[in-house]
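Visitor: I would like a close look at a single part of this model. Could you take me through it step by step?

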Amino acid sequence: MKEAEIRRLLAANLLCALSIVLTAVVPSFFLEGFTVLGTHLTWLCVCSVCVGALNVILHLALKPSQSPKRSSFAQKISRFLKCCIYFFMSCILFHAIIVLYGAPLIESVTETFLFAVLLSTFTTLQCLCILGPNIQAWIRVFSKNGAMSIWESSLQITTVCSILGAWFGAFPIPLDWDRPWQVWPISCSLGATFGYMAGLIIAPLWIHWNRKQLTYKSR
Amino acid sequence: MGDDTWEGLFPKKFFRSYFFPSFNVKDLHTVDDGILQHLYPTVDSGEWDMLIAHFLGVDHCGHKHGPDHPEMAKKLTQMNEMLRSLVDHLGNDTLLLVAGDHGMTETGDHGGDSEKEVNAALFVYSRTPLFGSGPPEEPETIPQVNLVPTVALLLGVPIPYSNIGEVMAELFSGDGDTVSAALQQLSVYHINAKQVDRFLHSYSLVAQDLPAEQLQHLQELFSSTVEEHTQLLAEVQGTTLVPPELESRLGSLIGRFQLYLREARAVCTQSWARFHPLRMVGGCILVAASCLLCYVASELATSSDSFYRSCLLYPLLWGLMGAALLGLAHIFTQEGLDLLLVSSWAAAASQMGFFWHWWVQHPKRARLVGSQPPLASSGLRQRLRAWLGLAFPMGILFFRCGAMFSDSFVVAEARVAPFLLASLVMLLVGKLHWDGHLTVPESPKQQLLGFSSYRKDIWYLLCLVAVLLVCVRLSGFFHQCREEIPQCRPSLFLSPLASLRNTRAKNLFYLLCVALLAGLVYAVRSWLRHYGNLNSSDPLVLFVRWGFPLVVLCIACYWAVASSTDDSLGKLQELVQVAVVAFPWAVYGLASVGLLLLLCNPMTVFAKDTRESAGSIVTPYLGVPSSEVDFLHVIPQIYKRMQESQKSRLERGSCRATVAAYGLGSVYSAALVIALTLLGFLLMLLHSERLSFAFLLLFLEAFVLLHIHTCARGLAGDAEPFSVPWYAVISWLLAASQFFYSTGHQPIFPAIHWNAAFVGFHLDHSTNLLPAVLVGANTFASHILFAVGCPLLLLWPFVCEMPNSQRKKPKKEAREELQEVEEHMMEMRLRESPEKFSVALLQLGLKYLFVLGTQLLACVCAAMILRRHLMVWKVFAPKFLFESLGFVVSSICLLLGISLVMRVDCAVSTWFSQLRLR
């Protein structure tokens, strides 16, 4: 049971990572002059949309968190709306935090906001897919011994990795190398993406190696 | 005539002189008007060989108003007029040299090495034509040292002995044909080269620092050129006939002389910047060992009592002994005593002593641990956990130190420090969350659902963090620029109000600044009132009540006078001159009176003795005529303490009486807060007016940091209330370096605020010490404030102690259960265990020194390893100088802060003993 679950997780994560790679490659066939660095904003949009859509589809297909009771259509709609509001709020919150960390306030607002959207896709959207719009569950997952399934462990790892990646991505900005990727927010978004991908790959492996120690509380 | 520095440099060397006081940069006109009054009569009188007129107005105007100001335009127009009319007064055989000794930065300052500062104009004029050809399109640049031989030879005096400059040959071409001009230039070059060769020769006999092979090469070049020169001269003189290729030979000879002079200069400049690798490594090792010592000592401090004597006193004796031995050896060998070497050997000896004692003690403790095997295994796990807990603040410190090794990061440090500070605080919150300190312990029902909810005070913590982040971000608006980032514009707030042209904006900013000062005073006073420290009628409290507003009034008046334009006040000019000096002196005086009062009697406690009445515990009247709100505020803060002896004696007499003391619970912090506020006023006075916003942010951020620290402590439930965790110390220091930048400073020389030396001094300084202190205080303002405030990190959690979040040691709990009423012990908990208190202070100081020392070590290592880096003189060396000065200032202020706390402690002890006697 557990092995099968880990394999499913690995497959899903690999699919996500593959989709990110594809977003960097495929659009250049359709769009004239598309490169990740040159038309970074377009790539940010494409990447966020693709990863978001794939996550939602995977969530619907795999159903890692079985909801205990069946809900009516109206409830589903309200859940969906709530998710949308949460996602938007997290974008705003990320934007505010990024600006407080030193991003320019007025110039390049679009870049900052799209970066915030990307970060939200990597973190908040995952939480929304797996845990639903339920803040208490989020709080529980992000504390020690809080994860209750391998999906939640994976969520912990990918979220922390993407945020760490974004943080490390800020490091090359002051260097005087004059590379195109040192421009705000390219290095940060690339860092977040690489962090997310690393998290996606690390998570199943880590769970596999620690499966003896990982005992999840059953409900 | 002009600048009176000439008189100081060459006393009684001038045939006639008109000197004027020059040191006050605010005074634009005295020197220039004085010169203009005497210049033309002197020129026309013709009683001179050389006339020096040193104008200062443009320089002072740059300092006061900056390069783009109407005042500067006026000054420059005046200079243009002066030149125009001076030219008319010149004779045909007069050469006019107009030279600036330096340029200026965007802000009008100089003293650094940026392109804009070291470039200045040179204007040469004579009525008789000087140049054979027309002037070149692009004016060429010449080194400033070239002026020396040129002027010397033009005046017909020998070139100064130690000159390494090169004559400006164009001025010696005369009015003959090209060949005679070239011959004349050649002779001039010959003289110049001879002088340089003589200097190099005698220099190399005395000092060995010029590389021998290069000297040899120069020598050969010189002798061959001179030989050729004499040969050519002989040819020219021997034959009246002009040799065919004379012109080209002359040209090549001149070229060789030039080559020689330039190479000689290059050799000198290169080798006069040389390094002592051995001393560098030694210094690095000393600093590193000191850091290690601080770390080890801070870890050891809690462990044993004999620690002080064995590990701190003996090594000191060792060090003194080593120094004495070295001194004796030097006396016997009759060698010159190198103070630096002796002190470093003494330091090394004392460090050896420390580590030796530590090593000797170490096995003992290891055996002690080993005797209890069950504890050892859990100790290992605990130690591992402690290491992991250490890893996160130390990781931030590691990044901070690593950033010193890259010139880009040093240049961008103004943004790196806030980034790391924000990350540290966010990590702290994340870690608290991860450890589950932020959530309420789960009830069974919640466990069933798998939900967790937050405690109430999480919102408080999050608000604090948000305020901190906003403060950090806002403080970035007060940045100064470095020339390495050309697109950077310095913050508008850095320029003094006097440079603002829009009167309405000026008034608005002025009012805002004054309001801000008043707000600061109000905040401090209400804080003190809240903790009941404003009730007594001691001189110090009276000073806080009345002196603080007075200080603010004086500062406001000073700003008003200083920011007014020169000509707007007309007849009141003299009054203004007096006021500009008087108000800062009033502030200095008041602040020093306040600090003296603080030292004499730092107790801000109001004691209400009710023993005579032997009545109720609740005092009917609070002693201060205060409003109902104050009344409610003060009551919960009453710290009622019955002395043990008193209690037993009185209980025997079966009458219950108490002493109600107001503000005893925060007596330490109150003294520190008062001292910090006074220092803050002084430092604000030294900065330009609008930087008081930055100071407000500084105080706010420090306050918020202390609260976050307290809050995190309460939530994490630390078992050890007397030790300050590393993250607090590191965040405190990060904030200190952040505000170094946010008060408009940069670790480069052009960015020093020289204006600070003239706050309260209209005329010349008699000594160099006072301006140095003023400029130093201005530069290291944030270092000073944060270092003095460092003990607050220890005290604040006690001050903010709330009954519900109180975490007592289990030992204490048992005793306090007996008492029905929960007491607000606050800082008096520190009094209960004096040894622990002093150990905690020592530990805090050592931790602070360790973090400071690590930063310094990183700077030192960067400057040492990268000493051949392209940017070493622009980035690493100034950074190293500023960092080491900051280290010295911080250490001194840290000592002062700790000694202030100890002074308060003594005062509290005497207060208690007096109470007991009564």
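Visitor: Which helices of chain A do the buried residues of helix 6 of chain A pack against?

Guide: Happy to show you, and please keep in mind that the model is predicted. The buried residues of helix 6 of chain A pack against helix 3 (40–62), helix 4 (73–100), helix 5 (109–122), helix 7 (135–141), helix 8 (150–169) and helix 9 (186–209) of chain A. Helix 6 itself spans residues 124–131 and is mostly covered, with eight of its eight residues buried. Reading along the helix, the buried residues are Thr124(A), Leu125(A), Gln126(A), Cys127(A), Leu128(A), Cys129(A), Ile130(A) and Leu131(A). Just after helix 6 of chain A comes Gly132(A), which takes a positive phi of about 80 degrees.

In an unreviewed UniProt entry, the annotation "transmembrane region" covers several stretches of chain A, among them residues 112–132, 41–62 and 153–171. For residues 41–62 of chain A, the model gives a span that is 100% helix and 0% strand, and its end C-alpha atoms lie 31 Å apart. Residues 153–171 of chain A are 89% helix and 0% strand, with end C-alpha atoms 28 Å apart.

For a look at another chain, turn to Gly156(B), placed in the loop between helix 6 (147–155) and helix 7 (178–206) of chain B. Gly156(B) has a relative accessible area of 61%, so this residue counts as exposed, the cut-off being over 50%.

Notes
Residues numbered from 1 in each chain as written. Chains lettered and ligands numbered in written order. Predicted model: local features only at pLDDT ≥ 70, side-chain atom pairs only at ≥ 80, totals over all residues. Heavy atoms only, no water. UniProt positions renumbered as here; feature names shortened; annotations may be inferred. Helix = DSSP H or I, 4+ residues; strand = E, 2+ residues; numbered from the N terminus. Buried < 20%, exposed > 50% of the residue type's maximum accessible area, 1.4 Å probe, protein only. Contact = heavy atoms within 4.5 Å.
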